[in-house]
Amino acid sequence: MKKSLLCGAAMITVGIFAITASGWAQDARPKGDTANGRTLYLADGCWQCHGRVGQGGLMTGAAPVLAQTRLPFAAFSRQLRNPINDMPPYPEKLLSDKEVADIYAFLQALPGRRPVKDIPLLNN
């Protein structure tokens with residue numbers, strides 16, 4: 001009896017873990033169009049604080065680097081819709097969810113930061 005209970009509990013635990021792990025592994029981000037994302041990023045003025053290639057900046061305070069952001073899509077979208085600090089909000093009337101996905105795809109496609117050793121001026 002105890003053995004069958006332990007076996008059943010183990011199977012339930014493994015099942016719950018498998019379901020949870022598969023949920024974490026799935027990326028809820030929709031497919032985005034990088035070319036349209038670049039157009040929107042520049043047209044909507046994101047570059048004014050975050051730089052033309054998402055390198056970050058200091059317009060009204062430290063604006064984070066967005067190139068290859070590590071934010072999951074859901075957090076990125078939430079920040080656009082309900083921003084913290086000085087960033088203006090971008091409600092769905094201004095940017096559709098598809099357009100947010102396009103901007104996210106553009107930012108993920110950027111090369112990101114280069115290692116210091118690859119920047120000659122910093123190695124003199």
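Reader: What is the accessible surface of the protein, and what share belongs to carbon and sulfur atoms?

Author: Keep in mind that this is a predicted model. The accessible surface comes to about 9,100 Å². Carbon and sulfur atoms hold 63% of that area.

Reader: Which elements make up the fold, and in what order do they run?

Author: The protein has five helices and zero strands. Read from the N terminus, the order is α-α-α-α-α.

Reader: What share of the contacts comes from residues 24 or more positions apart?

Author: Take the contacts with a separation of 6 or more. Of these, 58% join residues 24 or more positions apart.

Reader: Are Phe73 and Tyr104 buried or exposed?

Author: Phe73 has a relative accessible area of 11%, so Phe73 is buried. Tyr104 is at 4%, so Tyr104 is buried too.

Reader: Why is the pair of Phe76 and Tyr104 classed as tilted?

Author: Planes under 30 degrees apart are stacked, those over 60 are edge-to-face, and the rest are tilted. The planes of Phe76 and Tyr104 stand at 55 degrees, so the pair is tilted. Their ring centres are 5.1 Å apart. Phe76 belongs to helix H4 and Tyr104 to helix H5, so the pair ties together parts 28 residues apart in sequence. Phe76 and Tyr104 are both buried.

Reader: Which residues form the aromatic cluster?

Author: Phe73, Phe76 and Tyr104 form one cluster.

Reader: Where does the charged end of Arg52 sit?

Author: A charge over a ring is judged by its distance from the centre and its angle to the ring normal. Here the charged end of Arg52 sits over the ring of Trp47. The distance to the ring centre is 4.1 Å.

Reader: Which residues make the nonpolar surface patch?

Author: Val116, Leu121 and Leu122 make a patch of about 330 Å². Leu121 lies in the segment after helix H5 (97-109).

Reader: Why does Leu121 count as exposed?

Author: Exposed means over 50% relative accessible area. Leu121 is at 70%, so Leu121 counts as exposed.

Conventions: Residues numbered from 1 in each chain as written. Predicted model: local features only at pLDDT ≥ 70, side-chain atom pairs only at ≥ 80, totals over all residues. Heavy atoms only, no water. Patch = residues over 30% accessible without salt bridge, like charges linked within 9 Å, V, L, I, M, F, W, Y side chains within 5 Å. Areas by Shrake-Rupley, 256 points an atom, 1.4 Å probe, with all protein chains shown as cover. Salt bridge = Lys/Arg side-chain N within 4 Å of Asp/Glu carboxyl O. Helix = DSSP H or I, 4+ residues; strand = E, 2+ residues; numbered from the N terminus. Buried < 20%, exposed > 50% of the residue type's maximum accessible area, 1.4 Å probe, protein only. Phe/Tyr/Trp six-rings, centres within 6.5 Å; stacked < 30°, edge-to-face > 60°. Lys NZ or Arg CZ within 6 Å of the ring centre and 35° of its normal. Contact = heavy atoms within 4.5 Å.
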